[in-house]
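Hello,

Here is the structure I promised to hand over. Please load it first, then read my notes below.

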Amino acid sequence: MAYEHILVETRGPVGLITLNRPKALNALCTPLIQELGQALDDMEANEEIGAVVLTGSEKAFAAGADIKEMAEKSYMDVYMEDFITNGWERITTCRKPVIAAVAGYALGGGCEVAMMCDFILAADTAKFGQPEITIGTIPGAGGTQRLTRFVGKSKAMEMCLTGRIMDVEEAERAGLVSRIIPAAELVDEAVRTAEKIAALSRPVVMMAKECVNRSYETTLNEGLRFERRVFHSTFATEDQKEGMQAFTEKRTPKFINK
């Protein structure tokens, strides 16, 4: 498929998606979101791909949702078309791991899309924020919810009420960012990280991802029960047998994703 607003490539077992609206600082318009969903669908279906990296440009991962697209919409417009909801959550339903590689600005919808990914690797130039309040609205793609779960109520409340932008060092301290990487090395390091994941047992990686995500959706007791049952189920895989046998034989396991 030919894409207008994103670039798509594969690097071995890794799918790389680059947001590509440079004149708009990768502002997230509806056609871009639709293309992103299609690319994720294709990568999900491709058995050769084990993990996905989502990135932007050096200047901006994404500077927000496209305000020009939103400005004239009425309440009934956004309600009836289910604006933002429709297509935006595709990242969160991807069973394969999705890593956000963020350089420059990740603001508004850009910050929200980064938080939809499984974890964020950030360049030393990255900046995060939910500045919607400064244009008379609030975050609509999870900013008040996911940001609070990442950094806690106090910091999320301050950012959502003031529009303050968080630099990458603060983002790492607060738990929003997994690691800080020199900007020139960001995408290569994100791909290397994705390659490590893709080299592991595909079904077990999916199970681990599902368990971590479950921790946000339920109580500790229920989460532990879920984890235990999924842990038990790994013993039905050939990869668990291979992995443990390889460990005892002091060799590298050869996973077959079964």
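**Four-strand sheet**

Four strands make an open sheet with mixed pairing, in the order S4-S6-S8-S9. Its edges are strand S4 (60-62) and strand S9 (165-167). Each has a single partner strand, so one side of each has no neighbour in the sheet. On average, neighbouring strands here are turned by 20° against each other, direction ignored. Bear in mind that this is a predicted model.

S4 pairs with strand S6 (residues 105-107) in the parallel sense, over two bridges. Ala 60 stands opposite Tyr 105 in S6. A helix also lies over this sheet. Helix H5 (residues 109-116) lies across S4, S6 and strand S8 (127-129). H5 runs at about 90° to S6.

**Six-strand sheet**

A further open sheet has six strands, ordered S1-S2-S3-S5-S7-S10. Its pairing is mixed. Strand S1 (6-11) and strand S10 (179-181) are the edge strands, and each pairs on one side only. Neighbouring strands of this sheet are turned by 25° against each other on average, again ignoring direction.

Look at one pair inside it. Strand S5 (residues 98-102) and strand S7 (residues 119-123) pair in the parallel sense, with four bridges. The bridge partner of Ala 101 is Leu 121 in S7.

**Helices**

Start with helix H9 (residues 186-198). H9 has 13 residues and reaches 18 Å from first C-alpha to last, close to the 18 Å expected at 1.5 Å a residue. Its buried residues include Leu 186, Glu 189, Ala 190, Val 191, Thr 193, Ala 194, Ile 197 and Ala 198. In an α-helix there are 3.6 residues a turn, so residues three or four places apart point the same way.

Next, a helix pair. The axes of helix H10 (residues 202-214) and helix H11 (residues 220-234) come within 10 Å and cross at roughly 175°. That makes H10 roughly antiparallel to H11. H10 contributes Met 207, Glu 210, Cys 211 and Arg 214 to the contact. H11 contributes Phe 226, Glu 227, Val 230, Ser 233 and Thr 234. By class, the contact has four nonpolar, two polar and three charged residues.

**One glutamate**

Is Glu 242 buried or exposed? Its relative accessibility is 17%, so Glu 242 counts as buried. Glu 242 sits in helix H12 (residues 238-248). What is Glu 242 in contact with, leaving aside its neighbours within four places in sequence? The contacts are Arg 251, Thr 252, Pro 253 and Lys 254.

Best wishes

Note on methods
Residues are numbered from 1 along each chain as its sequence is written. This is a predicted model: local features need pLDDT of at least 70, side-chain atom pairs count only at pLDDT 80 or more; totals for chains, interfaces and linings use all residues. Side-chain values use heavy atoms; hydrogens and water are left out. Axes are lines fitted to C-alpha atoms, for helices over the stretch in contact, and angles run from 0 to 180 degrees between N-to-C directions. Angles under 35 degrees count as roughly parallel, over 145 as roughly antiparallel, 65 to 115 as roughly perpendicular and the rest as oblique. Contact means heavy atoms within 4.5 Å. Ala, Val, Leu, Ile, Met, Phe, Trp, Tyr, Cys and Pro count as nonpolar, Asp, Glu, Lys and Arg as charged, and the others, Gly among them, as polar. Two strands pair if DSSP finds at least two bridges between them. The expected span of a helix is 1.5 Å times one less than its number of residues. Buried means under 20% relative accessible area, exposed over 50%, partly exposed in between (1.4 Å probe, protein chains only).
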